[in-house]
Amino acid sequence: MTHKTVRIGGLTRVEGEGGLVVHARDGRITGLELRIYEPPRFFEALLRGRGHTEPPDITARICGICPVAYQMSACQAIEAACGAEVTGPLRDLRLLLYYGEWIESHALHVYLLHAPDFLGYDSGIALAADRRDLVERGLALKKAGNELIAVIGGRPIHPVNVRVGGFYRVPARAELAPVAERLRRARDDALATVAWVAGFDFPDVEHDYRFLALSHPEEYAILSGGVATGDGRGTPEGFAVEDWPEHVIEEQVPHSTALHARLDGESGYLVGALARYALNAARLSPLAREAAAAAGLGPVCRNPFRAIVVRAVEIVHACDEALRILDGYTEPDRPSVPVEPRPGVGHGASEAPRGTLYHRYRLDEDGLVAEADIVPPTAQNQARIEEDLRDLLAPRLAPGLDPPETELAALCERAIRNHDPCISCSAHFLDFRLDRG
Amino acid sequence: MDEQAPRLAVWKFASCDGCQLTLLDCEDELLSVAARLEIAYFLEASSAPGPGPYDLSLVEGSITTPEDLERIRHVRRVSRRLVTIGACATAGGVQALRDFAGVKEFASVVYARPDYIATLDRSTPISAHVPVDFELRGCPIDRRQLLEVISAFLAGRRPVVPAHSVCVECKARGNVCVMVAHGTPCLGPVTQAGCGALCPSFNRGCYGCFGPMESPNAAGLNHWLRGLGMSTPELVRIYRTYHATTEPFQRAAEEAEEHG
């Protein structure tokens, strides 16, 4: 049993400290390692023996930037193990909470972490010295997301109001009214954001990605759905979340505390905004679809530098859908459904801002966690990010070319940030080493 | 910006990033804070770190690897004032649960090749290794308390952060006591204030994410919690979560085991 968990399992940093080592010989890349040396925290091990009610709060602590994603994947996995399901207005409240996290996380990435790359600044704060109006718009957007999380969850980081089966208390309609007001302004700001970032100067790069994202018949999947895979041409393939362990295998590599994931035996598939957009764009809200068309995105975007545009479109969608739910909100008649623990296995997956986040739990006869398995988005994207970097560096390392290392390092940092792998990783890429032999 | 502006650094050890994110979550204050001090080292926010020394270092995360043991000593050397932010830096965090199980076993559960993983046996707070000027509690820290700490250090005074229990905050908010009124188990009586009594405001019992208050009466609370139907393993687990290795919560868990 232990053996099985070891093979599939492996919790890694969602956000982490990293470095990059590239080996090149005679203008050819002979080795490239994206190093993640974030100290391991062993969540899958420390969850063993905990009560079935505990994983949502404990796994939230894996990531301070996307705790709601962890709470939602954990709740759904445990509910599945116990044969319970959260539907109707309670599910709508979960969606609302999740849209808040998307708005907050995407606004942070777009304005404070990613946009400075395109405009030649070291940080959002440096950008604010010249363009305070822009950064203030980003902070207002982020705040709208955080307020939505706080009104439902209690606080933006590690919300306290989420439980297996639903919530501890549901908000009254009157509590939500001021948030709706702010979200209406946020939606306008989000539209302006799409128009702004669509005008950036993008490197002319396309990769032939294999995408993976949840897919839902009626929604641009965020909270739940089946798993869809494809390259953006033709009909996507798919499998059910409970079949995840048969399709996705994680393996350990020596240079990283994050595990590398393989999909049906192949490494290097992509999760996150580009994957969601490629597989689900038709189910964006009409306003978000219009914004995407006006930004010239097309049905599939294979240029990772333009992921900033897709994230901006997803902010529009999140504001739009949150407002739709808020406008029709009536207080659910009870804050949660009963979830009686029973021995068994449950799987849950949702779309964290950075990509698909999968949880699996096995509960024992006492309702305690016997095994936990968590596959975060960054583990899935790590191999693909390495391939992006190879594709980007190969032509620049050709014999006769000798670009300065600082320039290459800056380009690599940008290429990594494209995938929003994690907040500290996103700006922490100073340890660039190039060995030309 | 004034050339003499105090220089701020933000450091990360084993953690979730949530406490340093709290600084960026000060949406209304971020740009005015940035105008009053130089954010010299903050990798989460900037790709242009400036060299030390720093007037104020905020430290997130616990010490879990041999490298980090060295790095925290360096951070101390280059920092005039060092403030820990959050449960990991102040108390070892949820990852300190390894202390009760053995890190070798933990590593073999998660990794096929645990020999690739360099890690220490225990997850320890910053104060176990270097002198700390102030410890800010919370998992995560509270935004308003963080702003108070930064303002206090800019003004050269001690931060005003209450040491009383969550119960006081509940009273101040006018909350109905969830334990008395609903029979919901609550760690509020033994937990330090700071969150604004969030959980009871959502009809939930406090789960102790700000850690133990000064000299709590956990034995008395345990008696009451048992009366509300909590089993011994449940009692042990609730203390052994985010501040498991703090002395008062260790003792509370042991007391629960002894009387179980």
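## Report on a predicted two-chain model

Chain B has 260 residues, for which a compact globule would have a radius of gyration near 18 Å; the value for chain B is 20 Å, which agrees. The structure is a predicted model, and the values below are computed from it.

### Overall dimensions of the chains

For chain A, with 437 residues, the compact-globule expectation is a radius of gyration near 22 Å, and the 21 Å found for chain A agrees with it. The table sets out like quantities for the two chains.

| Chain | Extent of the C-alpha atoms along the principal axes | Residues counted as buried |
|---|---|---|
| Chain A | about 70 × 55 × 40 Å | 59% of 437 residues |
| Chain B | roughly 60 × 50 × 25 Å | 53% of 260 residues |

Chain A contains 15 helices and 14 strands, while chain B contains 13 helices and five strands. In chain A, 73% of the contacts between residues at least 6 apart in sequence join residues at least 24 apart. In chain B, residues 24 or more positions apart account for 73% of the contacts with a separation of 6 or more.

### Annotated positions in chain A

An unreviewed UniProt entry gives the annotation "binding site" to Glu44(A), Ile374(A) and His428(A). Glu44(A) belongs to helix H2 of chain A, residues 43-46. Glu44(A) has 26 other C-beta atoms within 10 Å and is therefore buried, the cut-off being 20 or more. Ile374(A) is part of strand S13 of chain A, residues 369-375. Ile374(A) also counts as buried, because 26 C-beta neighbours lie inside 10 Å.

The feature "binding site" is also placed by UniProt (unreviewed entry) at Cys63(A), Cys66(A) and Cys422(A). Of these, Cys66(A) sits in the loop between helix H3 (55-60) and helix H4 (67-82) of chain A. Cys66(A) counts as buried because it has 29 C-beta neighbours inside 10 Å.

Strand S13, which holds Ile374(A), belongs to an open sheet of three strands in chain A, ordered S11-S12-S13 with antiparallel pairing. Strand S11 (344-352) and S13 of chain A are at the edges, each with a single partner strand, so one side of each has no neighbour in the sheet. Neighbouring strands of this sheet are turned by 15° against each other on average, direction ignored.

Within the sheet, S11(A) pairs with strand S12 (residues 355-363) of chain A in the antiparallel sense over nine bridges. Helix H4(A) lies across S11 and S12 of chain A and runs at about 150° to S11(A).

H13 (residues 377-393) of chain A also meets helix H14 (residues 405-417) of chain A: their axes come within 10 Å and cross at roughly 145°. The crossing of H13(A) past H14(A) is right-handed. On the H13(A) side the residues that meet H14(A) are Ile385(A), Asp388(A), Leu389(A), Leu392(A) and Leu393(A). Their counterparts in H14(A) are Leu408(A), Leu411(A), Cys412(A), Ala415(A) and Ile416(A).

### The sheet S5-S6-S7

Another open sheet in chain A has three strands in the order S5-S6-S7, with antiparallel pairing. Its edge strands are S5 (211-215) and S7 (237-239) of chain A, each pairing on one side only. Neighbouring strands here are turned by 30° against each other on average, direction ignored.

S5(A) and strand S6 (residues 226-230) of chain A pair in the antiparallel sense over five bridges. Ala213(A) has Ala228(A), in S6(A), as its bridge partner. Helix H10 (residues 273-280) of chain A lies across S5 and S6 of chain A, at about 65° to S5(A).

### A position in chain B

Leu69(B) lies in helix H3 of chain B, residues 66-77. Leu69(B) is partly exposed, because 15 other C-beta atoms lie within 10 Å. Leaving aside residues up to four places away in sequence, Leu69(B) touches Ile63(B) and His129(B). Leu69(B) and Ile126(B) are 57 residues apart in sequence, and their C-alpha atoms are 9.3 Å apart in space.

Conventions
Residues numbered from 1 in each chain as written. Chains lettered and ligands numbered in written order. Predicted model: local features only at pLDDT ≥ 70, side-chain atom pairs only at ≥ 80, totals over all residues. UniProt positions renumbered as here; feature names shortened; annotations may be inferred. Helix = DSSP H or I, 4+ residues; strand = E, 2+ residues; numbered from the N terminus. Buried ≥ 20, exposed ≤ 12 C-beta atoms within 10 Å, placed from the backbone. Rg over C-alpha atoms; globule rule 2.2 N^0.38 Å. Contact = placed C-beta atoms within 7 Å. Pairing = 2+ DSSP bridges. Axes fitted to C-alpha atoms, helices over the stretch in contact; angles between N-to-C directions. Left-handed = near helix turned anticlockwise from the far one by under 90°.
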